[in-house]
Amino acid sequence: MAFLRRLPKGCGQGGLSPTETAPTSAYSSPARSLGDTGITPLSPSHIVNDTDSSVSEQQSFLVVVAVDFGTTSSGYAYSFTKEPECIHVMRRWEGGDPGVSNQKTPTTILLTPERKFHSFGYAARDFYHDLDPNEAKQWLYLEKFKMKLHTTGDLTMDTDLTAANGKKVKALEIFAYALQYFKEQALKELSDQAGSEFENSDVRWVITVPAIWKQPAKQFMRQAAYQAGLASPENSEQLIIALEPEAASIYCRKLRLHQMIELSGKAAVNGYSGSDTVGAGFTQAKEHIRRNRQSRTFLVENVIGEIWSELEEGDKYVVVDSGGGTVDLTVHQIRLPEGHLKELYKATGGPYGSLGVDYEFEKLLYKIFGEDFIEQFKIKRPAAWVDLMIAFESRKRAAAPDRTNPLNITLPFSFIDYYKKFRGHSVEHALRKSNVDFVKWSSQGMLRMSPDAMNALFKPTIDSIIEHLRDLFQKPEVSTVKFLFLVGGFAEAPLLQQAVQAAFGDQCRIIIPQDVGLTILKGAVLFGLDPAVIKVRRSPLTYGVGVLNRYVEGKHPPEKLLVKDGTRWCTDVFDKFISADQSVALGELVKRSYTPAKPSQLVIVINIYSSEHDNVSFITDPGVKKCGTLRLDLTGTSGTAVPARREIQTLMQFGDTEIKATAIDIATSKSVKVGIDFLNY
């Protein structure tokens, strides 16, 4: 065990860095059992604002490609750095569903029975659908798998996903296959357009993730991108992980009046006044979009949009990003003169995406046909189940507050057939017997749902979103919000628009960008062109290192006492770098100075910990997790004149979705770097 000397200049907190994850029992302190190399604080903390470091080498890429990897649908868009005002949305995809615009492709992937990548998107879905039912059972078909990253509490590189046939496959592999597919498609399109081979090194990649994702999920996405060859750990700045509502926010700044719909109807927008219903306004806007859909290039004028010009220094607005899986709420504040964005309140939200409506439909089917049958049908006829959900999806999009005629959902023939074999009576009989009076059977082989029945499927999800927004509006930071921007694929749903308008229309102006499903994609391209536009974020976690402190009777728990050579130390102290929900400028450096136990010590180990809680005292507190180790080896530096109190400076750089830590031996300038790692500890 390396001994520690009393330092006259120690600041209040300090200690030793253990090399094991904090144990649950405070009595089995890691500092006791390990011959670890201790550190103790040397100087009070200070923050150095080094915000330019993250903005440097930005112009070396020829093109920015953003990938919106969504729960239900995905796509990419790009812009050449020489003409940043033109954003090109990817080529039209083959396939597509009636009633669903296909600027994006479904997030579905198909692997062969040998687990090799076969196809993605419509191609995967259509090929799977055309397979013989017995053959289909051998193939691995996955859809809506992105939610697994949000719902898995202990995400690691080995987390599994389950394919439609019940077989398990590594999540990292699937995400890497999907990103590799987008990489190949984008490079091919760029090469075709440029007339010469486009190299991956010419591209800066941006991948969007929900803001409410925890750090392991964000890191997982980066690892998958490395595996797919978009970037590498050595060249990590080639890839930016962008937060979805931030991307939306950046795009909304550029909106001109003809590019949006204002629900509150306080002003004539898009040429129709507030007296027009939301539905009518949207129909006109959709016509306008349809006419423009042949052109995949969007011009983003290098100006601040009209709405934005009404905002003043310090004004606040909420971005509600409602997608397939999650709903993200972010509050931003304007900082002038450049109009930089500051995150005011840490991102909140939850799994309230449009998938919630699908789950409600599934529950309705359980009620009519029995859960045992539906679960069995999914396994035995996976392709037919996918068909049924596609039929539901297009009807789901036709739901509207003022709709009066029923919605028909086609049941696949194999559903009707399999049900008869399974139960011994017909689907029609099941409907009559189920007492679900708002769903009828039509002789054309369809489920006929009344508009009220469809609206009821939306209700739980929309209620959750409204309730979450209500909570948010009660926070003092969120009072006096001027605008609410409704973005994401689910924002197209008139039922959601109406609910948001009814609940908050008197508190702020509610704005929906046209082509709302592409808002995040376009914003992510703009972010890649100018990453410095987001200036301040909120730290989602508290970070610190494990150190030793002088033991104070009555203040420190007796089980933390460690006596060495007559000196009494308190072990396992958490020395805080930054608190959860603290504002952090992009590229901000937090510095601490420590000193080793004794000057002759040649290996210094500093362990980094994180917690969702703010008030952390010890690394053994509940919820504290180890997320990084800095190991500074000073062997071979004995010839250097080393001061009596050797200074080891530890820096953490915050701001991006990645956090980097560095330890430097001031006497010899020897240093070691590490990225904070949430997946491998």
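Leaving aside its neighbours within four places in sequence, which residues is Val-318 in contact with?

## Val-318 and the cores

Val-318 is in contact with Thr-330, Val-331, Leu-469, Leu-472, Phe-473, Val-478, Val-481, Phe-483, Leu-484 and Phe-485, its neighbours within four places in sequence left aside. Contact means heavy atoms within 4.5 Å. The model is predicted: local features need pLDDT of at least 70, side-chain atom pairs count only at pLDDT 80 or more, and totals for chains, interfaces and linings use all residues. Numbering starts from 1 along each chain as its sequence is written, and side-chain values use heavy atoms, without hydrogens and water.

The largest nonpolar core has 149 residues. Such a core is a set of buried Ala, Val, Leu, Ile, Met, Phe, Trp, Tyr and Cys residues joined through side-chain atoms within 4.5 Å. Phe-175, Val-318, Phe-369, Leu-469 and Leu-484 touch the most other members. Helix H5 (residues 171-194) gives the most to this core, with 13 residues. A second, separate core of 30 residues includes Val-547, Val-573, Val-672 and Phe-678.

## Strand E7

Helices (H or I, at least four residues) and strands (E, at least two) are DSSP runs, numbered from the N terminus. In E7 (residues 108-111), Thr-108 and Leu-110 point one way, Ile-109 and Leu-111 the other. All are buried, meaning under 20% relative accessible area (1.4 Å probe, protein chains only).

## Partners of E7

Strands pair if DSSP finds at least two bridges between them. E7 runs antiparallel to E9 (residues 140-143), with 4 bridges. Here Ile-109 stands opposite Leu-142. E7 is also antiparallel to E8 (residues 117-120), through 3 bridges. Leu-110 faces Ser-119 in E8.

E7 and E8 form a hairpin with 5 residues between them. In the turn, Arg-115 has a positive phi of about 70 degrees.

Note on methods: Buried means under 20% relative accessible area, exposed over 50%, partly exposed in between (1.4 Å probe, protein chains only).
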